[in-house]
Amino acid sequence: MALSSSPTDGSPDGPSPPPELAPDPALEAFERAMLGRPASMGRREVSRGAGVSIRSARKFWHAMGFPVVQEGDAMFTEADLDALSRVAAMVREGDIPEEFALAMTRAIARTMDRLAAWQGQLVSEEIARLRRGDALEGDPDEPADDTTPRGAAATSTRDAEAAAAWLAELSDELEPLLVYVWRRQLTATIQRLLTVEEDGSRASVIGFADLVNFTSVVRRLTERDLARMVQRFEDLCTDVVTAHGGRVVKTVGDEVLFQTFEVAPAAAIALDLVEAMGEDDLLPSARVGMAYGPVVRRLGDVFGTTVNRASRLTAVAPPGGVFVDDALARLLEPLSGFSTLPTRPRALRGIGEVAPSRLVRVTGVRRPADVTAHV
């Protein structure tokens, strides 16, 4: 954060927003409930209070993911002033570079944005579910509120207001849990950092779990059923991956990317995933591709050839099957409980020709190494 205490930079940094609407008393009430005092300060007041330039205050505001604030807009609260003051103090007193402080702010903001949206969706869906239950239990001769456009709009407004009230009520209870989980996850990250090899490039297993024929399945589902299926898929993947000590890197609709630093847990995750989805009436079958090697870590995500290889293997794996690359197959060979069966070579886009092995679970004598799975 720049240490200039003269907030002289008042130039606009983007297109002007549309004309401001009259304040909504309900929104102001929720803002007070969530942030304490109502917004009463403009950008000059908050930057002056934190002892930084308007330019620095604007950079911090944008790092949190919020849009342009025009001169005269009373957008800021005491909570905003306190947060800006804390970041400025970190830079001044902790000798932390401004760009590093802003990068940390972006990381927190992006994570919290997704978390808040996710929680809002969960609460809204639960309220809608409860309302549907109430309608089913009500008078069968009385039409539901949402049988007409006017009734639907009224119901939607009531649901939104109920969701907002519930989120505001839950916030005080969830805040300690949020800090606890963050500290737990930060501890796990520190442990991973301390176990990285001396060259800083510890290899890992990267896996993708993908729902088969997802596009055609989507065409047959309602929006509500599609949401249920995707939620079920993400929940199941998270449960299986974390149960074996793995990490869910990200989920994208019909695909989950996971990572482990040990080979045996990765094999167990992959086989458990395809078996669990094969037994789930709500989900189509799944397939998994895995590769072993170094990866580039950035913003909580992973990149590199190992990731690309795992993704391409997933695309050619059979429904209900698990394909692994040569490096992972060699590491799995001495492990009991698993067997890898060589398959025919395949041309993987951007990778070249690869002869993947199919991973299977065994409980008795391991099959000979020369047995080939012709899939």
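Visitor: Which residue takes a positive phi in the hairpin of S2 and S3?

Guide: That is Gly-253, with a phi near 60°, in a hairpin that has 2 residues between its strands. Before we go on, please note that this is a predicted model, where local features need pLDDT of at least 70 and side-chain atom pairs count only at pLDDT 80 or more, while totals for chains, interfaces and linings use all residues. Residues are numbered from 1 along each chain as its sequence is written, and side-chain values use heavy atoms, with hydrogens and water left out.

Visitor: What makes S2 and S3 a pair?

Guide: Two strands pair if DSSP finds at least two bridges between them. S2 and S3 have 5 bridges, in the antiparallel sense, so they meet the definition. In this pairing Val-252 stands opposite Glu-255 in S3. The names come from DSSP runs numbered from the N terminus: helices are H or I runs of at least four residues, and strands are E runs of at least two.

Visitor: How do you know that S1 and S3 pair as well?

Guide: The count is 6 bridges, again in the antiparallel sense. Val-205, for instance, has Thr-260 in S3 as its bridge partner.

Visitor: How many strands form the sheet, and in what order?

Guide: There are 7 strands in an open sheet, ordered S2-S3-S1-S4-S7-S11-S8, with mixed pairing. S4 and S7 are parallel, joined by 3 bridges, and Val-288 stands opposite Val-322 in S7.

Visitor: Why are S2 and S8 said to stand at the edges?

Guide: Strand S2 (247–252) and strand S8 (338–342) each have a single partner strand, so one side of each has no neighbour in the sheet. From one strand to the next, the twist averages 25°.

Visitor: What packs on the sheet?

Guide: Helix H8 does, touching S1, S2 and S3, and its direction makes about 165° with that of S2. Helix H10 (residues 305–316) packs there too, touching S1, S4 and S7, at about 155° to the direction of S4. Touching, or contact, means heavy atoms within 4.5 Å. For the angles, axes are lines fitted to C-alpha atoms (for helices over the stretch in contact), and values run from 0 to 180 degrees between N-to-C directions.

Visitor: Why is helix H3 called largely enclosed?

Guide: Buried means under 20% relative accessible area, exposed means over 50%, and partly exposed is in between (1.4 Å probe, protein chains only). In H3 (residues 54–63), 7 of the 10 residues are buried, so the helix is largely enclosed by the rest of the structure. Among them are Phe-60 and Trp-61. Just after H3, Gly-65 takes a positive phi of about 95°. S3 is mostly covered too, with 5 of its 6 residues buried.

Visitor: How many residues does the largest nonpolar core have?

Guide: It has 35 residues, and Leu-273, Met-277 and Val-288 are among those with the most contacts inside it. The largest share, 10 residues, comes from H9. A nonpolar core is a set of buried Ala, Val, Leu, Ile, Met, Phe, Trp, Tyr and Cys residues joined through side-chain atoms within 4.5 Å. Val-288 touches residues including Phe-208, Phe-258 and Val-322, leaving aside those up to four places away in sequence. A second, separate core of 17 residues includes Ala-57 and Phe-76.

Visitor: What makes Arg-129 and Glu-126 a salt bridge?

Guide: A salt bridge is a side-chain nitrogen of Lys or Arg within 4 Å of a carboxyl oxygen of Asp or Glu. Here N and O are 2.6 Å apart, so the pair qualifies. Both residues are in helix H5 (residues 98–137), 3 residues apart, which is about one helical turn.

Visitor: Which parts does the pair of Glu-275 and Arg-361 tie together?

Guide: Their closest N and O atoms are 3.3 Å apart, forming a salt bridge. Glu-275 lies in helix H9 and Arg-361 in strand S11 (residues 357–361), so the pair ties together parts 86 residues apart in sequence. Asp-272 joins Glu-275 and Arg-361 in a network of salt bridges.
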